[in-house]
Amino acid sequence: MSHPLTRVLTLLELLQSNARLTGTELADRLDTDVRTVRRYMSHLRELGIPVEAERGRHGGYRLARGYRMPPLVLTNDEALAVVLGLLAAERLGMGTTAPATAGALAKIERVLPQALREPLAAMRQTLSFTANAVVGQAPGTGVLLALAQASRAHTTVAISHQSWRQEHTERDIDPYGVVFHTGRWYVVGHDHLRDGLRTFRIDRITSVTSVTSRVDGFTAPDGFDPVAHLNATLAQGPYRWQVEVTIHGPLDEIARRLPRSAVTLTAQPTGVLMHARAERLDGMAHLLASMEWPFTIHQPDELRQALKTLADQLTAAAQRRPEELPQ
């Protein structure tokens with residue numbers, strides 16, 4: 001790091017990565033003295049990068065708040081983290097309506113040095129996932145950010161919402177939290193139109209505006225968990241069959257094996273009581289058969305026949321020999 005330009009760029013990277021550093025700390029990082037650090041700060045200011053200095057014994061240097069620097073300096077580890085994060089978000093369906101992921105990847109790869117560009121390109125081209133890609137329901141970027149900001153600030157917002165029946169409504173909501181689940185974004189909060197707790201898919205919200213008549217903000221219920229509420233809401237969806245089964249095993253391990261968005265689990269003296277809804281009982285039969293613990297069916301009786309049918313299929317498969325296959 002003997003070249004002055006290299007030290008100036010390293011100084012810029014340090015200021016990006018830290019909220020504030022003293023002159024002594026910067027001198028130690030750059031292997032130089034405080035006087036030289038001050039000179040490098042002058043070089044950055046000459047380039048139009050606003051560096052703020054705090055005087056005094058405990059003073060230091062920092063970049064001006066809100067400043068967006070054209071040269072974004074990343075270490076190898078940071079660049080890898082960003083690329084992997086973008087690839088994972090694309091795989092999980094976490095994108096927004098604009099092709100932001102592809103654009104961000106292209107910009108990062110364009111400015112990377114050749115020594116780092118090639119390994120990251122190889123990572124992108126050869127990386128495989130064990131899980132299937134999720135086709136996301138992309139929300140508008142502005143809508144998503146506005147709801148997140150209102151949730152953090154506890155401010156009521158007005159939304160334009162279109163239901164799955166194509167019914168359009170205008171309503172005020174107190175957003176308690178934003179949740180991403182299997183390719184879809186949701187906002188959970190108090191709906192003033194219905195005067196109750198509601199969950200909305202964000203891709204069905206076309207606009208979000210502040211409600212100026214409610215300037216004091218709202219207070220979310222103590223201990224409210226948006227994720228738990230969303231899981232419980234999805235588990236109550238309109239399905240054909242109501243399923244109730246006691247699984248004779250430990251709650252924690254059973255919970256890790258079952259999709260919490262489709263079932264509710266309650267600890268019982270004899271095991272774990274599972275309530276679920278299902279459109280097809282053959283799928284529920286496969287799910288129960290994959291569990292390593294015994295279970296007792298409470299309802300519906302038709303689930304017993306679905307399990308018997310599955311058992312017959314498995315028995316036939318176990319008894320079938322290669323010579324019996326059609327030629």
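User: Which residues do ring pairs link into a cluster?
Analyst: Ring pairs join Tyr-176, Phe-218 and Phe-224 into a cluster. Rings of Phe, Tyr and Trp (its six-membered ring) pair if their centres lie within 6.5 Å; planes under 30 degrees apart count as stacked, over 60 as edge-to-face and the rest as tilted.

User: What should I know about the model itself?
Analyst: This is a predicted model, where local features need pLDDT of at least 70 and side-chain atom pairs count only at pLDDT 80 or more, while totals for chains, interfaces and linings use all residues. Residues are numbered from 1 along each chain as its sequence is written, and side-chain values use heavy atoms, with hydrogens and water left out.

User: Back to the rings, how many aromatic pairs are there in the whole structure?
Analyst: A search of the whole structure turns up three. In one of them, Tyr-176 and Phe-218 are tilted, at 5.7 Å centre to centre with 50° between the planes.

User: Where in the chain do those two sit?
Analyst: In distant parts, 42 residues apart: Tyr-176 is in strand E4 (residues 168-181), and Phe-218 is in the loop between strand E7 (205-210) and helix H8 (226-235). Helices (H or I, at least four residues) and strands (E, at least two) are DSSP runs, numbered from the N terminus.

User: Tyr-176, buried or exposed?
Analyst: Tyr-176 is buried, at 17% relative accessible area, and Phe-218 is buried as well, at 9%. Buried means under 20% relative accessible area, exposed over 50%, partly exposed in between (1.4 Å probe, protein chains only).

User: Switching topic, how many salt bridges does the structure hold?
Analyst: Seven. The term means a side-chain nitrogen of Lys or Arg within 4 Å of a carboxyl oxygen of Asp or Glu.

User: What does Asp-191 pair with?
Analyst: Asp-191 meets Arg-171 in a salt bridge, 2.6 Å from N to O. Asp-191 lies in strand E5 (residues 184-191) and Arg-171 in strand E4, so the pair ties together parts that are 20 residues apart in sequence. Both Asp-191 and Arg-171 are buried.

User: And which residue does Arg-62 bridge to?
Analyst: Glu-52, with the closest N and O atoms 3.0 Å apart. Arg-62 sits in strand E2 (residues 61-63) and Glu-52 in strand E1 (residues 51-53), ten residues apart. Arg-62 is partly exposed at 21% relative accessibility, and Glu-52 is partly exposed at 33%.

User: What about Asp-203?
Analyst: Asp-203 forms a salt bridge with Arg-201, the closest N and O atoms being 2.9 Å apart. Asp-203 counts as partly exposed at 23% relative accessibility, whereas Arg-201 is buried at 13%.
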